[in-house]
Amino acid sequence: MDYRATLNLPDTKFKMKASLAQREPELLKKWEDEGLYARVQEATKGRPDYILHDGPPYANGHIHIGHALNKILKDIILRSRRMAGFHCPYVPGWDCHGLPIEHNVDKELGGRKREIDKLAFRGACRDYARKWVKAQAEEFKRLGVLGDWERPYLTIDYRYEAATAREFNRFLASGAVVRSKKPVHWCSSCGTALAEAEVDYADHASHSIYVKFPVAEDLTAALPALAGKKAFVVIWTTTPWTLPANLAVALHPDYTYAVCQVGEESLIMAEDLAPQVLAALGLSGQVTATFAAAALEGRHCRHPFLERDSLVVLADYVTLDAGTGCVHTAPGHGREDYLTGLRYGLPILAPVDGRGVFTEEAGPYAGMTISAANPLICEQLSQAGLLLGQGKISHSYPHCWRCKRPVIFRATEQWFISMEENGLRQQALAAIDQVTWTPRWGRERIHGMVASRPDWCLSRQRAWGVPITAILCVKCGTVQNDEGVNARIDELFRKEGADAWYARGISEFLESGHACPGCGGTEFRKEEDILDVWFDSGTSHAAVLEERSELSSPADLYLEGSDQHRGWFQSSLLASVGNRGRAPYRGVLTHGFVVDEHGRKMSKSVGNVVAPEKIIKQHGAEILRLWVASEDYRDDVKISDRIISHLSDAYRKIRNTIRYLLSNLNDFDPAHDRVEYENLPEIDRWALSQLEGLRARIVAAYESFEFHVIYHALQNFCAVTMSAFYLDIQKDRLYTAAPASRERRAAQTVFHELANSILRLMAPVLSFTAAEAWEHLPPDSNREPEVALALFPAPHPERHHPELEQKWERLTAIRRELTRALELARAAKVIGHSLEAEVRVMASGELAGFMSDNWATLRSISIVSELSWADDLGPDDYQGELAGLVVQVRPALGEKCERCWTRCPTVGESSPHPTLCRRCLGVLAELGL
């Protein structure tokens, strides 16, 4: 007889080989055909809302691994919140304005750009952005991200552009917008002003020079030591090109300054720095006098090469960290210099145009680029005998985040949102404290940035964006915007988008016969600059959260990379606080950047760039999702082929555990075969206690965004707690017991609970696998049709038994010792399979009592043919880590049962079935065989 046919062997259509790269697109098509997102939204309607607002990625090029990290994190959070009982709409968005698109369209148009007008150019930019929105949407969907992909928000949508202009006009009406000439970061390559968020810092080599400014007044009365001497104030600078804009030399009001006599010249510098300055210049001299800085305030030096004086001023930003303690001051080229200039009534001189070329105000350097003029300025100073020394210094210097070239500080006429007007800075700082920041250091970071940031420079000298919707009087410069003007702007923008600003005449925004309330003028102009794109995206709370019926403001969560503390998080905060008096979010979560396994930034030149597309083709998006969950996103996130390979192995263990559970449920009907909890064997109640602990741990980790905890808990539970212990022990009763026996149905009851719960717990992360396996669970009318519609497993605190777990922890420790002894015996060829073994044990003291009390359990979990006590074991037998336990392994007596493989003396008792043991004979009798 073929006894194999009498066994309950595992059987399932859930494949061991995942084939994720092939299977995932099939699932995605199924989800799309069935309208899964809409079904989820309908099923969760009426629950409490949880709003995660999508920070818009830039619509330019294919997605990179950082995009994948960001979008998968969002999807994990939203799926987990739905399974926790919330209604979670997700509206993805894109940032579609800005310089990179403008540059790329320039390249595509080539010479044709000169042949088309601004509206046609803006149309080409709009088409370019939409092309990449479509491409990126497909790439995001491939990651398994569930959302309203048919109705995303785009910053180029007409209603969005109208909302952006409306928010600017509200700032304008409140008096918070000012137009003034002040220094801003300026990119000569891109030809535009930059905001703080658009500046990166990188090492840069600069000219370093010491320059003598001749004292232009007789200081004998204040400093007798200078009588009859040639006196000079010595400055140090790393930007010689700013010297044509010099109008002052700043000293610190609290420092002591010294006159150093060097040959025939008296050099003035900070007393504390004098020795190192002289040493650096290779000079020798002696201090002939010291004085307080106030003695020189209001005095004048001669500019070293232009026909004007430089005022000596006092400023507390002067330091003793480097230089001479006397600071070259150009109000048109520095933020602190600008403030000093205002305080002393100096003009805001910036003799450099938008291309980085000197204007006529720069004297002999007019027409030169600043880089070309730099060495010539040094040469002229040297010829005039005013250059004390020069060299090169490598230091951190601001660069444009787009073109990566060094930027300059340049005073130009720009539009600003004042950080002080209407108390914006203090209101924003107060709002920060009302937000939950994850990680917590995010609060300190953005607080420090807002506390020290300058006024927000809004204007950009470009074509592709939402225009600054200000109408100005040509005669006096007064802004003409009032409620009526702003209402017409809003109406036209809603119908035609921001292009209306360029397509419509100025008369269509003003009432007939309008006259300037400031001067009575009747000639007006529209501002041509566009808004900073950070203002675009920063007003998304108004354009999206407040406009979409399924959303609301403030959002529960904003989630982006750590660079957005100075970017979107901050611009959104200021835009919302300025017009609404509150933050646009209740919580902010920040993730790090993706780096290689050595911690290096991704770089094409280094060759360590990991493309999401490549991983998906080789391993499937599911492995990317597992990678996101496995890493602690609060720091920089590492990725490499080795890491992905390791995660693939971990995935296989999880999948195989699920497959094994499903394969033993092929004849299980939850409605009729379930065994009540109180009737379950102790080992099954222990397994459910372990499951309850896992449920609590994982649900709490989702709640606190600690996804790496979920990965490790799930992997350990599947590979160790289940596969290496519980499932291994259950094989005997599952395979060999009668199909409908209480002992087998009890094991199946727990297997069903395990499979159902694990799939729910892992679904936010391993969404494809959970959806696939869900279809292979036994039919159950009480179960949701899709795991995406399911809730987390219901809590069962009554199943959590710490005492039982403590007892089984001890049983597990004993089993571990028996298993080690079996492995040694197998290695020594004493036995083959563990079922060929008899294990003899000797224990002493309390351990012996514990083992005696649990002998039947130890017998069942040891998976050997015979477990027996012995009193003749000695030092040559196995003694492991468990004190008082000695183990001996020897071949079991009796023949091997053909059906259950145990060696037993009862094999051969039955003539009809001479190769079966007594236990298997009983099962056959139940089966009527």
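In the predicted model, residues 24 or more positions apart supply 77% of the contacts in the protein with a separation of 6 or more. Burial was also computed. Of the 929 residues, 57% are buried. The accessible surface amounts to about 38500 Å². Carbon and sulfur atoms account for 50% of that area.

The secondary structure consists of 28 helices and 31 strands. The radius of gyration is 38 Å, whereas the globule rule gives 30 Å for 929 residues. The computed value is well over that figure, so the protein is more spread out than a compact globule. The overall dimensions were taken from the C-alpha trace. Along its principal axes, the trace spans about 130 × 75 × 50 Å.

Helix α25 was examined individually. This helix covers residues 802-827, 26 residues in total. From the first C-alpha to the last, α25 reaches 37 Å. That span is close to the 38 Å expected at 1.5 Å a residue. Just after α25 comes K829, with a positive phi of about 65°.

The relative accessibility of L927 is 33%. Buried residues fall under 20% and exposed residues over 50%. L927 therefore counts as partly exposed.

How values were computed:
Residues numbered from 1 in each chain as written. Predicted model: local features only at pLDDT ≥ 70, side-chain atom pairs only at ≥ 80, totals over all residues. Heavy atoms only, no water. Buried < 20%, exposed > 50% of the residue type's maximum accessible area, 1.4 Å probe, protein only. Helix = DSSP H or I, 4+ residues; strand = E, 2+ residues; numbered from the N terminus. Expected span 1.5 Å × (residues − 1). Rg over C-alpha atoms; globule rule 2.2 N^0.38 Å. Contact = heavy atoms within 4.5 Å. Areas by Shrake-Rupley, 256 points an atom, 1.4 Å probe, with all protein chains shown as cover.
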